[in-house]
Every structure is written in structure tokens, then in C-alpha cells.
Amino acid sequence: MGVCIVGWAHSRFGRHGELDLEGLVDSVTRQAIEHARVAPADIDATWLGNLNGGFVPDNFCSSFVLNADPALRWKPATRVENACASGSAAVYAACDAIEAGRARVALVVGAEKMTAISGEEVTRVLANASYVKEEAGAGMTFPGIFGKIAREYFARFGNHSATLARIAAKNHRNGVSNPWAQVRKDLGFEFCNAVSEKNPFVAEPLRKTDCSLVSDGAAALVLADEQTGRALPRAIRFRSRAQVNDILPMSRRDASAFEGPRRAWARALDEAGCKLFDLSLAEVHDCFTIAELLAYEAMGLADRGAGARVVEDGTVYPGGRLPVNVSGGLKAKGHPIGATGVSMHVLAAMQLSGQAGEMQVPNARLAGVFNMGGAAVANYVSILEPIR
């Protein structure tokens, strides 16, 4: 039984001083149900993607989704956590329930409130999504982890600081067209490539413009079985989906090889019966610009160590052979942890329904989504297509 996206909603990402986590969840839940043209009573179960880990005191938040409408009371509600892939983990859990016949219509919300604590505390919470014994416990942060990955990549394949700056500049330029993006400003290559007072090193060689943003935000999807979806105004089908998890300790693997993402992409493309360049676009997890560069190679856009080529020749830009992160990616859009994977699926579905506004890729027929938790640990790849 196939699964379709039949409705969605997306909040602006950024600082929401007026909304707590419950308010963020509520802000998209009602909109997604209305957009899907289903009744709240028709929702069979709900899933909430949310990391938390100390961002807010609400550890038990799965039933926040039910507060949006009295008809949702008594529905099964589950919170799902898988680091920065918590949103996709929630999406896949809902897909599993539909494919198993335990639900016909499901509601998935991804949400995170990150700005209620200090920047130092945010860094500590995120670091605890690493292998704490050897990484966070030894003082490593996620910028530090990806800085280490970048240094190892540069040592093998040459200094690609300019490539990372081009990726940052591309995504910031793309983000101008995204009405929900946290930063809608074209920063330009020169600014992103220079170390300055406004763009200092965060974890060398990564500069501030190489790092995603601390964000509040939420996104929501309504999913349905394919038979139900065909009777609704829109239906974007999961042609395939793959989850591949790697071991957590970086000391026991080559983190810069992105082997987990590579396996997830290969499996998803194989199960979809398509090749990479059959895709019209891809939304990939650029928590740091080095992650997007490594994602190019994991996808198969370029051989290992040659990812810079697809930036230099325009492949990944709007109008290129495979545009990547036309939404601005996490770099410009923002990265409210639990919301990210859901947001990526929303944006891909909008493209495939021709409703992406200024972000629209002409004649988009097939989209890839890659969401990642940790340093290439929890890896999710979806291939989406419209069914009419």
C-alpha cells in the first residue's frame, strides 16, 4: 500500500519569542489538516518529531498535537527522536503505520524551540547528540566535529574553503526566494569566503557562514494511503524511502566518507527504479557546508574528493542539471532540529505540485530528500513523485 503526502504547513523559521513549543506545534497542525482537506476526526494517529534534549522543559510533548482540535483527542500520539533526523524519523514511522494498514490518514509534525536558552547551552545540548564518551565528553561541539571532518577532507583532497563559501553563497541566494527562511539575504561569495569580524572562524576551517542557524520553527504533513490520496486535491507519493544508520563513535569509522548517506542514497534510488539525474531537484542536509559537499559525493553527483566540480560547473544551482537546496537549505532556511526533516518533505512536495512560488523548479517531476542525524549516523533518503 503506497503512502502519499496530501497536505502540509510550514512556519517561518527563526526566533519566535512569542511562541513556546506547544504554540509552534499548534501553528502548523491546524493549517496542515485544512490544507489536506480532511476532517480532524479522520486522522488515525499523530507523530511529533522533536529532539529537545534540554532546549525546553517539555520532555513529554507528543500530545501537544492533539490540542489543536477536540476531534484529535484519543488519537494515538507518539514523539520520535533521532537527533537532527527526528523529523524524517517521525515521517517514516507514520509511513510504516499506513503501509501496515494500522492507519489510513496520519498527521506528522516536526517542531523545535531552540532560542529559549543561551547559545552556550544550545551548543551543549547539540553536542550531546554525538558519542558523548569520546566526543562531547572530550569537549567537542558539532561545529568542532564538522570542522574536524573538513580538515580531514582538505588534508586528502586539497583546501576547499572556497568551495564551501560557494555552497554558502548559493544557498543564501536561494533562500531569498523562500518566504519561510530565517535569512533572506544574498551574502555573496566574497563575504562567505573571507574571514572577518562578521564572519569569523567558528571551528577552523569552518566560518560562521559555513554553519547552519539556531532556529525555532515547525512544519507538518498529512499522509494517507494511496487510495485515499487519489480522492484528495493533491497526492505526492513516496516512490521509495531508505533509512541507514551507522555506528555512533567517529573513532571507529571514516566520518568524511559519508558511508551511511551513500548507502541510503543507493538503496532509495534502486528501490525507486531511477537514476540520480532522473531527479528534478534534491533537498539535502547542509547543517554545515562541508556536509553538503560530502552529500554531493554520497549521492553520486561526483567521485569522492571531486564534489567541488558540481559547484564549479553549475550542476547544483537553480537551472543546473540537479539543483540542490533551492529552498536555501538549512544554511539559509534555518535548522530547528525536529522540524528539519518534515520541512524538507514539505518543500519537495510543494515543488512536485507546482506550488513552490519563487522557488519553483520548472516541470519538477521527481525529488530527492536527504536528512541526517549526527555526523552521518542516522540517514534518511526519500524519493517523491506526484501521482497525477
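This report covers a helix packing, a pocket and a salt bridge in a predicted model.

## Helix packing: H2 and H12

Two packed helices are described by the angle between their axes and the distance between the axes. Helix H2 spans residues 86–99, and helix H12 spans residues 337–352. They pack at an angle of about 60°, with their axes 5 Å apart. That makes H2 oblique to H12.

On the H2 side, the contact is made by Ser86, Gly87, Ser88, Val91 and Tyr92. H12 contributes Gly338, Gly341, Val342 and His345. By class, the residues of this contact are three nonpolar, six polar and no charged.

## The largest pocket

The largest pocket has a volume of about 760 Å³. Its lining takes in 34 residues. Closest to the centre of the pocket are Lys208, Cys211, Ser212, Leu213 and Val214.

Helix H3 (119–127) and helix H4 (142–157) each supply at least two residues of this lining. H3 gives the largest share, five residues. The lining divides into 20 nonpolar, 11 polar and three charged residues.

## Salt bridges

Side chains of opposite charge can pair when their charged atoms come close. The count of salt bridges in the model comes to 16.

Asp96 lies in helix H2, while Arg241 lies in strand S8 (residues 236–245), so the pair ties together parts that are 145 residues apart in sequence.

Definitions and conventions: Residues numbered from 1 in each chain as written. Predicted model: local features only at pLDDT ≥ 70, side-chain atom pairs only at ≥ 80, totals over all residues. Heavy atoms only, no water. Axes fitted to C-alpha atoms, helices over the stretch in contact; angles between N-to-C directions. Helix = DSSP H or I, 4+ residues; strand = E, 2+ residues; numbered from the N terminus. Parallel < 35°, antiparallel > 145°, perpendicular 65-115°, else oblique. Contact = heavy atoms within 4.5 Å. Nonpolar A, V, L, I, M, F, W, Y, C, P; charged D, E, K, R; others polar. 1 Å grid on protein atoms, 1.4 Å probe; cavity = no way out; pocket = protein on both sides within 12 Å on 5 of 7 lines; lining within 4 Å. Points joined across faces, edges and corners; volume = space filled by probe spheres on them. Salt bridge = Lys/Arg side-chain N within 4 Å of Asp/Glu carboxyl O.
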